[in-house]
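Here are my notes on this one, as numbered points. Have a look at the model first, then read on.

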Amino acid sequence: MASATSGSTQTAQRISIEQFVSGLRKLREDDFAGVTAALDYITANPVNAESLRPYLFWNAQHYTRNLVDKTDLYELLAICWEPGMRSSIHNHRGQNCWMAAPIGRLAVQNYRVISEDLAAQRCEIVPTDVVEITAARPVAVDPLNPVHEVRNCREWAERAVSLHVYSRPFDSCIVYSVEQRTCGEIGLDYTSMYGTLV
Ligand SMILES: [Fe+2]
């Protein structure tokens with residue numbers, strides 16, 4: 001989980017995104033219900049950067065969310081991060097999430113929710129641990145502590161691309177501000193779908 005569990009770090013043969021998707025489609029509903037089975041699959045099957053090219057779109061202002069595959073059970077996104085970019089602090093609406101970084105690396109800052117009142121848009125959250133995602137070390141978000149932000153640290157000075165598996169798919173999430181102690185729901189859009197800008 002982002003706060004605890006990562007996959008095995010032994011070197012695995014890189015496969016194309018098409019091969020990765022065909023294997024992902026063979027996983028069963030049960031494999032997405034806990035975090036271990038899908039994390040094992042993602043760790044054992046790192047994706048080569050070259051095959052991702054059709055799905056990568058870059059924006060100087062904001063990271064991009066690029067849909068690679070979607071079923072009733074999961075959606076697979078490639079997210080493109082310029083150096084220095086970060087997500088909002090967010091949750092995943094109770095859905096599981098796994099992240100790998102076929103290109104570059106990313107830091108996940110986890111938070112613990114002390115209190116949350118969505119109707120009043122008030123919250124108190126505190127930062128906990130930081131986990132790094134690399135090609136060899138995908139992570140799963142901890143379902144019990146699902147609030148986090150993702151960042152491509154400026155000092156790393158390289159682009160990053162992360163693959164995100166969400167099960168089940170969701171199109172909104174809650175975002176949080178530590179300083180303002182606020183939270184609220186936002187909608188999630190795709191930058192591209194199946195290799196085409198939307
Ligand atoms: Fe996330």
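1. A word on terms: buried means under 20% relative accessible area, exposed over 50%, and partly exposed in between (1.4 Å probe, protein chains only). By that cut-off His-90 is buried, because its relative accessible area is 13%. His-92 is buried too, at 3% relative accessibility.

2. This is a predicted model, where local features need pLDDT of at least 70 and side-chain atom pairs count only at pLDDT 80 or more, while totals for chains, interfaces and linings use all residues. Residues are numbered from 1 along each chain as its sequence is written, and side-chain values use heavy atoms, with hydrogens and water left out.

3. On to the metal. His-90, His-92 and His-148 coordinate the iron ion, each through NE2, at 2.1 to 2.2 Å. Donors here are N, O and S atoms within 2.8 Å of the metal (3.2 Å for Na, K and Ca); water is not among the atoms, so the site may look incomplete. The donor spacing in sequence reads H-x1-H-x55-H.

4. Ile-103 sits in strand E4 (residues 96-103), strands being DSSP runs of at least two residues, numbered from the N terminus. With 22% relative accessibility, Ile-103 is partly exposed. Beyond its neighbours within four places in sequence, Ile-103 is in contact (heavy atoms within 4.5 Å) with Ala-49, Leu-56, Arg-159, Ala-160 and Val-161. Its C-alpha atom lies 8.0 Å from that of Thr-134, 31 residues away along the chain.

Conventions. Helix = DSSP H or I, 4+ residues; strand = E, 2+ residues; numbered from the N terminus.
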